[in-house]
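Here is a brief report on one protein chain. Please read it alongside the structure shown below.

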Amino acid sequence: MWVRLFGCAAAGGVATLGFAPFGWWPLTLLAMLALLVAIRGQGPGRTALLGFAFGLTHFTSGIYWVFYSTVYYGNAAPWLGVVLVCLLAAVLALFPAVLLWFGRWLLPSTSPVWPLAVGTAWTASELIRGTVLEGFPWLATGYAFADTSMHGWAPVLGVHGMSWLLWSVVACVVALLWQRRWLVHGLPVLAVVVSAWVLPAPSSWTEADGPVLDVALIQGNVAQADKWRDSEGPRIAGLYERMTDAALGADLVVWPEVAVPYTYPQIRNGYLARIGRRAADAETAVVLGTLIPNDERTQMLNSVVGIGATEGTYLKRHLVPFGEVFPLPDFMRPLLDVVDLRFANLDTGDAGQPHFPIGQTAASISICFEDVFGDEIAREARGSGLLVNVTNDAWFHNSTAAPQHLQIARMRSVETARPMLKVAQTGITAIIGPDGEIQQQVPQFQVATLRGRVQPVRGQTPYMRWDDRPLWWGSALLGLALLVWRLAAGRRAAA
């Protein structure tokens with residue numbers, strides 16, 4: 001058991017190497033295989049323990065960058081930053097551990113449908129952890145295979161559907177090694193492999209709509225430590241104004257999340273009005289991130305506004321847990337004061353907010369962490385011609401957070417077959433094509449304007465029509481069916 005336990009812990013860390021910036025997806029595949037070989041034949045308790053060991057190292061190595069935001073910007077002591085990362089990783093690891101335990105309790109690994117149960121259990125764990133406590137669906141398995149032929153499934157089933165296929169196929173391979181049921185387990189493997197090659201390119205689900213847009217994405221490269229210093233405000237505001245003036249004439253100019261260190265009421269009538277007049281004269285739409293007080297002026301809303309040749313206001317709907325909101329009961333709030341941990345609680349906008357008109361098309365907006373929720377992006381993208389995500393990954397220094405975030409954005413383009421403009425304060429700023437390919441990007445930690453051309457599209461992918469609902473319903477129905485079978489078998493045995 002100790003060999004299995006340490007093997008699963010090692011495999012969890014290896015699995016992270018399939019994600020950006022490494023992209024060594026065969027190692028992720030081998031790590032998945034190692035976990036399923038280890039849990040085969042084990043009881044429910046040991047299955048859960050081995051799944052937890054895998055998840056603990058996987059999530060710790062995958063989201064270690066939370067340490068930077070909590071220690072350098074959240075005022076936490078370094079030891080507390082380590083504890084918080086380990087606690088977060090442990091909580092995330094509980095989801096696959098509990099679901100794998102439930103799957104093993106329902107049926108043994110010798111069952112012909114064990115691979116389906118394993119794939120469904122892991123996928124259900126991704127879906128549930130993407131919902132509980134505001135949701136944190138980072139490191140879904142499908143992301144590691146974004147650059148393989150499997151990505152053709154993304155516009156059909158989404159990234160979690162890819163996870164379901166991958167875990168089910170690997171479980172079929174494990175079952176084949178022991179049981180040799182070629183028709184039951186070999187045929188699904190062959191079907192998934194072949195389908196991945198014959199599925200059409202994601203962009204084939206949509207078609208060009210309207211003229212190509214000339215876009216300018218502005219990366220101001222403002223360090224998070226400098227951003228809110230009083231002395232830096234005028235310099236940062238001047239920088240974005242000058243870079244915008246240089247880009248006038250483009251169809252669309254995009255600034256990153258909360259680009260300048262002022263609230264919207266502070267800059268609306270002077271600074272932004274001045275830029276907006278010049279942009280309107282040049283027929284340039286400017287979309288920028290800012291902070292807007294709520295109606296009661298008790299909280300701020302992370303927002304995007306349009307000026308110049310566009311108009312609109314988007315209010316962030318999905319806040320970053322433990323960053324923009326602490327999903328804790330009120331009675332636990334004093335604990336944050338004891339450890340002197342700074343935190344913010346922002347207000348949220350509603351679903352179904354209008355798109356921003358850009359020439360003859362419309363842009364669907366998301367802010368920072370929101371693009372990790374594929375089902376929400378797919379629903380909000382209906383009726384739009386392109387996606388725009390503004391973010392600030394400066395919180396995480398030169399870690400793997402920014403490459404991982406770019407990989408997530410690429411998956412959203414694949415799922416919706418739409419181009420995405422991703423604009424980050426310190427990078428990575430990029431233009432992403434409807435097949436998820438990076439068409440252009442600028443290096444991190446440089447002041448730069450990325451100029452490019454983007455073709456808006458129309459149409460919907462299958463995933464945009466049904467999002468994650470088939471996975472939720474399928475997981476629930478399979479779990480219920482297996483539960484009924486398990487209880488009935490227990491009664492027969494007792495009789």
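## The six-stranded sheet

In this predicted model, six strands build an open sheet with mixed pairing. Their order is β7-β8-β9-β10-β11-β12. β7 (356-358) and β12 (438-442) are the edge strands, and each of them pairs on one side only. On average, neighbouring strands are turned by 20 degrees against each other, direction ignored.

Within the sheet, β10 (residues 420-424) and β11 (residues 429-432) run antiparallel. Three bridges join them. Leu421 faces Ile431 of β11 across this pairing. Strands of a sheet pair through backbone hydrogen bonds, either parallel or antiparallel.

## A helix across the sheet

Helix α14 covers residues 401-416. It lies across four strands: β9 (386-391), β10, β11 and β12. Relative to β10, α14 runs at about 160 degrees.

## Salt bridges

The model holds 17 salt bridges. One of them joins the side chains of Arg451 and Asp214, at 2.8 Å from N to O. This pair links distant parts of the chain. Arg451 sits in strand β13 (residues 448-454), while Asp214 belongs to strand β2 (residues 213-219). The two residues are 237 residues apart.

## Cavities

Rolling a probe the size of a water molecule over the atoms shows where empty space is left. Six cavities reach 30 Å³ or more. The largest cavity has a volume of about 60 Å³.

Which elements give two or more residues to the lining of the largest cavity? They are α5 (78-106) and α6 (114-129). α6 gives the most, with four residues. The lining consists of Ile39, Thr47, Leu100, Gly103, Arg104, Trp114, Ala117, Val118 and Ala121. By class, six of these lining residues are nonpolar, two are polar and one is charged.

## The second largest pocket

Three helices, α2 (25-39), α7 (154-179) and α8 (182-198), each supply at least two residues of the lining. What is the make-up of the lining of the second largest pocket by class? It has 16 nonpolar residues and two polar ones, with no charged residues. The largest cavity, in turn, has one charged residue in its lining.

Technical notes. Residues are numbered from 1 along each chain as its sequence is written. This is a predicted model: local features need pLDDT of at least 70, side-chain atom pairs count only at pLDDT 80 or more; totals for chains, interfaces and linings use all residues. Side-chain values use heavy atoms; hydrogens and water are left out. On a 1 Å grid over the protein atoms alone, a cavity is a set of points where a 1.4 Å probe fits but cannot get out, and a pocket is an open set with protein on both sides within 12 Å along at least five of seven lines; lining residues have an atom within 4 Å of a point. Grid points are joined across faces, edges and corners, and a volume is the space filled by probe spheres set on the points. Ala, Val, Leu, Ile, Met, Phe, Trp, Tyr, Cys and Pro count as nonpolar, Asp, Glu, Lys and Arg as charged, and the others, Gly among them, as polar. Two strands pair if DSSP finds at least two bridges between them. Axes are lines fitted to C-alpha atoms, for helices over the stretch in contact, and angles run from 0 to 180 degrees between N-to-C directions. Contact means heavy atoms within 4.5 Å. A salt bridge is a side-chain nitrogen of Lys or Arg within 4 Å of a carboxyl oxygen of Asp or Glu.
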